[in-house]
Amino acid sequence: LLVFLSAFVLFTRYRLKTRLNSALQSEIDEHKETARKLKESEEKFRALTEQSVVGIYIYQDNQLKYINPSLALTFGYTTDETSRKTPMELTHEEDRIFVEKKLQNALSGTKEILHYEFRGTTREKDVIYLESLNAYFLYQGKPAVLGSIVDITGHKQAEAELLKSRKLEAIGILAGGIAHDFNNLLAVMMGYLFMASDDEFIKKNTPVLKDLEIAEEAAVQASD
């Protein structure tokens, strides 16, 4: 009986150990597979972002945890230099409160994709206009912001030039209309001055005729 009991205990322990080892190995294999997929996903993300013409960044704990070359180029810095700066240091001072609020809204976990425009400052202290898209996600287990930035300075300048052109066109139309109406009034004045000068009584009154001729000459100059 003792031999039987001992054999049963040993067999049970062996089966339990085998099961534990099998479960442990499965868990290890699962972790390895997860790590492999994570690494593969990170490599794909980096490959896409490194070649992207759009500036891409990851923001967390008031730091830029990741930036791609295009983002650094937008501000005129190297990638290492840009990564050592906070978003506020790259933002125009008049837009910092606005941008900070947008980033905090993204970090709050909202599912809404935040789309907005703001001004940045380059290494040469030039002001540039930027368009940004922000979205909340978990990065290394903590809330973070995945964002993109596009330089729209050229677009803004083109808009300003178009607006200026339209304003000048409107001024030209207005000036032309005023000139046309004013010329109509002058035409009436010159007509009556001409008829008055041609009057037989006025022709005999030399001082009055001279005054009318001076007025008519002034009206012609005004019309021109």
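K125 lies in the loop between β3 and β4, where strands are DSSP runs of E of at least two residues and helices are runs of H or I of at least four, numbered from the N terminus. Phi of K125 is near 70 degrees, a positive value in a residue other than glycine. Most residues other than glycine have a negative phi. K125 is also exposed, with a relative accessible area of 66%; exposed means over 50%, buried under 20%, and partly exposed in between, with a 1.4 Å probe and protein chains only.

Before I continue, a word on the source. This is a predicted model, in which local features need pLDDT of at least 70 and side-chain atom pairs count only at pLDDT 80 or more, while totals for chains, interfaces and linings use all residues. Residues are numbered from 1 along each chain as its sequence is written, and side-chain values use heavy atoms, with hydrogens and water left out.

The loop between β4 and β5 holds Q140, which is not a glycine and yet has a positive phi of about 55 degrees. Q140 is exposed, at 67% relative accessibility.

Within strand β5 we find S148, and this residue is buried, its relative accessible area being 19%. Which residues does S148 touch, not counting those up to four places away in sequence? They are V54, G55, I56, Y57, E131, S132 and L133, contact meaning heavy atoms within 4.5 Å.

I turn now to helix α4. Residues 96-107 form this helix of 12 residues, which reaches 16 Å from its first C-alpha to its last, close to the 16 Å expected at 1.5 Å a residue; that expected span is 1.5 Å times one less than the number of residues. Its buried residues are V99, L103 and A106. Seen down the axis of α4, they fall within an arc of 55 degrees, so they line one face of the helix; the arc is that of the directions from the helix axis to the C-beta atoms. On the other side of α4, I97 and K101 are exposed. The buried residues of α4 pack against β1 (55-60), β3 (114-121), β4 (127-139) and β5 (142-151). After the helix comes G109, with a positive phi near 100 degrees.

Finally, the cores. A nonpolar core is a set of buried Ala, Val, Leu, Ile, Met, Phe, Trp, Tyr and Cys residues joined through side-chain atoms within 4.5 Å. The largest has 20 residues, and Y57, F75, L103 and Y116 have the most contacts inside it. A second, separate core of seven residues includes M190, I202, L209 and A219.
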